[in-house]
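Thanks for coming. I will walk through one structure today, starting with the whole protein and then going to single residues.

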Amino acid sequence: GKPVDPAVIASLQQAQLAALQAQAMEVSAQNAQKAQQVTRDTKGQGKGKAKADSKGKGKAKEKVEHDLQAPPPDKEFRGLLKSLSEKHGYGFITCAEIQELYSRDVWVEYSLIPEGARTAESKPSVSFNVILSSKGHPQAKNVRLI
C-alpha cells in the first residue's frame, strides 16, 4: 500500500487523545456530582444508608447468585418485632440466629403480623418461618405471637 503521511498519523493520534481526555473529564465530573449527591443525602440524622443517584446510567447489574441457603421452610425461628409501619406495609423482626446467617433483620409483610402484635413499641415476641427473597434476603412467613 501507499505510505501514510506521518502528519496524518500524528493528527489522528491527537484527535484520539483529545477524545479520551474529554471522556475522562466527563467521567470525573459525573463522579464529583455523585459524591456531592451522596454528601447531600447523608446530611441529617445519620440514620440509614446513603443512596447514590442511580437513574439509568451504565449497564444493568447482572443478577448475582447468592450462595446463602434458605433455611428449611418448616424451621421455626423466634424473634422480636423490631419495627412495623402500616403506612409502608411492612416491618422487621430481629432474630439473633437470622442475624448470624444473613447479617440483617427479617423483613415481614404488615398483613402477616397477628392483630395483637401490631404495636412494635412493646417489641412482642413472635415465632415465624423464613423464606428468602429474590435478593437472598430473609422474609418472615407464618408469624405467630408467642
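**Overall layout**

Among contacts in the protein with a separation of 6 or more, 50% are between residues 24 or more positions apart. Contact here means heavy atoms within 4.5 Å.

Before going on, a word on the source. This is a predicted model, in which local features need pLDDT of at least 70 and side-chain atom pairs count only at pLDDT 80 or more, while totals for chains, interfaces and linings use all residues. Residues are numbered from 1 along each chain as its sequence is written, and side-chain values use heavy atoms, with hydrogens and water left out.

The protein has two helices and five strands, and along the sequence they follow the pattern α-β-β-α-β-β-β. Helices (H or I, at least four residues) and strands (E, at least two) are DSSP runs, numbered from the N terminus.

How much of the protein is buried? Of its 146 residues, 21% count as buried. Buried means under 20% relative accessible area, exposed means over 50%, and partly exposed is in between, with a 1.4 Å probe and protein chains only. The accessible surface of the protein is about 11,300 Å², and carbon and sulfur atoms hold 54% of that. Areas come from the Shrake-Rupley method with a 1.4 Å probe, and for residues only the protein chains shown count as cover.

**A surface patch**

Next, the surface. Val4, Val8, Ile9 and Leu12 form a nonpolar patch there, with about 350 Å² of accessible area together. Patches are made of residues with over 30% relative accessible area and no salt bridge; like charges are joined within 9 Å, and nonpolar side chains (Val, Leu, Ile, Met, Phe, Trp, Tyr) within 5 Å. Leu12 belongs to helix 1, residues 6–42. Its relative accessible area is 56%, so Leu12 counts as exposed.

**Aromatic pairs**

Now the rings. How many aromatic pairs does a search of the whole structure find? The search finds three. Rings of Phe, Tyr and Trp (its six-membered ring) pair if their centres lie within 6.5 Å; planes under 30 degrees apart count as stacked, over 60 as edge-to-face and the rest as tilted.

One of the pairs is Phe77 with Phe128, which is stacked, at 6.0 Å centre to centre and 25° between the planes. Phe77 is in strand 1 (residues 77–85) and Phe128 is in strand 4 (residues 125–132), so this pair ties together parts that are 51 residues apart in sequence. Both Phe77 and Phe128 are buried.

Tyr90 and Phe92 make an edge-to-face pair, with 5.8 Å between centres and 85° between the planes. Tyr90 is partly exposed at 31% relative accessible area, and Phe92 is partly exposed at 27%. Ring pairs link Tyr90, Phe92 and Trp107 into a cluster.

**Lys75**

Where does Lys75 sit? Lys75 is in the loop between helix 1 and strand 1, and at 30% relative accessibility Lys75 counts as partly exposed. Lys75 lies over the face of Phe77, 4.9 Å from the ring centre. A charge sits over a ring if NZ of Lys or CZ of Arg is within 6 Å of the ring centre and within 35 degrees of the ring normal.

Leaving aside residues up to four places away in sequence, Lys75 touches Glu97, Phe128 and Asn129. Lys75 and Phe128 are 53 residues apart in sequence, with 8.2 Å from C-alpha to C-alpha.

**Salt bridges**

Side chains of opposite charge can pair when their charged atoms come close. A salt bridge is a side-chain nitrogen of Lys or Arg within 4 Å of a carboxyl oxygen of Asp or Glu. By this rule there are five salt bridges.

Lys75 and Glu97 form one of them, at 3.1 Å from N to O. Lys75 is in the loop between helix 1 and strand 1 and Glu97 is in helix 2 (residues 96–102), so the pair ties together parts that are 22 residues apart in sequence. Glu97 is partly exposed, at 36% relative accessibility.

Lys82 and Asp105 form another, with the closest N and O atoms 2.5 Å apart. That pair links distant parts of the chain, with Lys82 in strand 1 and Asp105 in the loop between helix 2 and strand 3 (106–109), 23 residues apart. Lys82 is partly exposed at 40% relative accessible area, whereas Asp105 is buried at 16%. Elsewhere, salt bridges that share partners join Glu76, Arg78 and Arg144 into one network.
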